[in-house]
Amino acid sequence: MNHILVVDDEAEIRASLEEILREEGYGVASAADAEEAMVLLRDVPYDVVLLDIWLPGRDGLEVLAEMRKLTPEIRPEVVIISGHGTIETAVKATKLGAYDFLEKPLSLERTLIVVKNAMEARRLRTENEEFKRQFSASSVLTGESVPLKALRQQIRLMAPTNGRVLIYGESGTGKELIARSIHAESLRREQVFVELNCAAIPEAHIEAELFGYRHSAQPGGPAEQRGTLERADGGTLFLDEVGDMSLKTQAKVLSALDDQLFTPVGGTQPLHVDVRLIASTNKDLEEEIAKGNFREDLFYRLNVVPFFVPPLRDRKEDIPLLVREFLLEFGRQYGRPRMEISEEALEALAQYRWPGNVRELKNVIERVLILNPRVLRIERKHLPPLSHKAGSRPTEEFSSLQQARDAYEREYILKKIEEARNNISHAAQLLGLERSHLYRKMKALGIAARE
């Protein structure tokens, strides 16, 4: 429900507007003066404020100026109301950020139209701010390694074009982040970015997700649903893990790419869209073509501009920067103070081969923060034992037998504490230890009690 605040010192006008606006389906509150209005605005996010310019104690334009200082998330659209309207006042109000200007006596029809338009303006502004926030926060590539610098340079060169991009990289390397970075630096950056994970959607539903459907083509579903192609019109469509598409769906995608024309499932009228396509894969598509699993003609349509995302093991000098970024991110998320990490812990992280790449590193950092709620500085002992994969050797992770023993003992105790749902007495029973002995072990291994 959309919410409106009416600010007017005349009780009759407040009551009349409240009644009319509630009949239109809006949530409405009212205030008789500026102070009461500002208290309400700080407590509840309103979409639109109808603000009388003549208020007891304070001028309405002063209140408008104060409202402009509210954060974008709670700042409403403001419509000024005045019984003594002049062009000069209207211009001044507009310069201060007012959406529109209404004169008393109020016209019911005009008031409702202005309110409706102000609601739409608020919605569009909120969406635009969300898009900007999303891409400013999530489209920054962290790292100063040579491969990453080369990747940034390639993005700057190719992003302003409409060329189709195919991003290659192992799982967890950040292919979606590359796609978002390309969109954020493209000419379409003010438009939508729509993602479809081809590997996460069942084969039976992927066509409907991509092209949408009409006339209850989906049993038990709504009569109509817009697909990702239609929703991405004017912006960017990112097909993640495109190598997992079936040959049947590939054929339809190929047809849609040729002239940006497609027909929704169950529909009869073709739709035309203007979409920039970015795709990604963790497979060798040329090998998939040889096996008969991927269409060669679709491959050449997608592979106009290839991007190769290096695995984390090939840019280990970026690990400290990534770790500190994740510590800040999860610190904010979990309400933790600024976290630090020791050089010994960073060295241990750098020695691991990270088969799960950046995603695995991020998960490890989040786990460390969750399991150590009172720790302000992460030491080597706080890290979980990292499994040895992809040819890594135990000596790459631990510098001594004692260090390895402590790490695995710590991991085993943490597992039993989780099984006991943080009940230390129960965990001690599972471990076959006295409760006091377990507490001593936990203190020695840097495990915080959360019972």
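The UniProt annotation "modified residue: 4-aspartylphosphate", from an unreviewed entry, covers Asp-52. UniProt positions follow the numbering used here, feature names are shortened, and annotations may be inferred rather than shown by experiment. The structure is a predicted model, in which local features need pLDDT of at least 70 and side-chain atom pairs count only at pLDDT 80 or more, while totals for chains, interfaces and linings use all residues. Residues are numbered from 1 along each chain as its sequence is written, and side-chain values use heavy atoms, with hydrogens and water left out.

**The chain as a whole**

The chain has 18 helices and 16 strands; helices (H or I, at least four residues) and strands (E, at least two) are DSSP runs, numbered from the N terminus. Of its 451 residues, 45% count as buried, where buried means under 20% relative accessible area, exposed over 50% and partly exposed in between (1.4 Å probe, protein chains only). Among contacts between residues at least 6 apart in sequence, 69% join residues at least 24 apart; a contact means heavy atoms within 4.5 Å.

**The sheet that holds Asp-52**

Asp-52 lies in strand 3, which covers residues 48–52. Asp-52 is buried, with a relative accessible area of 2%. Leaving aside residues up to four places away in sequence, Asp-52 touches Val-7, Asp-8, Asp-9, Gly-60, Ile-81, Ser-82 and Lys-104.

An open sheet of five strands has the order 2-1-3-4-5, with parallel pairing. Strand 2 (27–31) and strand 5 (100–103) stand at the edges with a single partner strand each, so one side of each has no neighbour in the sheet. From one strand to the next, the twist averages 20 degrees. Two strands pair if DSSP finds at least two bridges between them. Strand 4 (residues 77–82) pairs with strand 5 in the parallel sense over four bridges, and Ile-81 stands opposite Leu-102 in strand 5.

Two helices lie across strands of this sheet. Helix 2 (residues 34–43) lies across strand 1 (3–7), strand 2 and strand 3, and runs at about 145 degrees to strand 2. Helix 3 (residues 60–67) lies across strand 3 and strand 4, at about 155 degrees to strand 3. Axes are lines fitted to C-alpha atoms, for helices over the stretch in contact, and angles run from 0 to 180 degrees between N-to-C directions.

Thr-111 is placed in helix 5, residues 108–138. Thr-111 is buried, with a relative accessible area of 5%. Apart from residues up to four places away in sequence, Thr-111 touches Leu-17, Leu-102 and Leu-106. The C-alpha atoms of Thr-111 and Phe-101, 10 residues apart along the chain, are separated by 9.7 Å.

Another five strands form an open sheet in the order 7-10-13-6-14, with parallel pairing. Strand 7 (193–197) and strand 14 (305–308) stand at its edges, each with a single partner strand, so one side of each is left without a neighbour in the sheet. The twist averages 20 degrees from one strand to the next.

Strand 13 (residues 276–281) is mostly covered, as six of its six residues are buried. Arg-276, Ile-278 and Ser-280 point one way from strand 13, and Leu-277, Ala-279 and Thr-281 point the other way.

| Strands | Bridges |
|---|---|
| Strand 6 (residues 165–168) and strand 13 | four bridges |
| Strand 10 (residues 236–240) and strand 13 | four bridges |
| Strand 7 and strand 10 | five bridges |

Val-165 has Ile-278 in strand 13 as its bridge partner, Leu-239 stands opposite Ala-279 in strand 13, and Glu-195 stands opposite Phe-238 in strand 10. Helix 6 (residues 146–158) lies across strand 13 and strand 14, running at about 160 degrees to strand 14.

**A helix pair**

Helix 13 (residues 319–333) and helix 14 (residues 343–351) pack at an angle of about 115 degrees, with their axes 10 Å apart. The contact is made by Ile-319, Pro-320, Val-323 and Arg-324 of helix 13 and by Glu-343, Leu-346, Leu-349 and Ala-350 of helix 14. By class, the contact has six nonpolar, no polar and two charged residues. Here Ala, Val, Leu, Ile, Met, Phe, Trp, Tyr, Cys and Pro count as nonpolar, Asp, Glu, Lys and Arg as charged, and the others, Gly among them, as polar.
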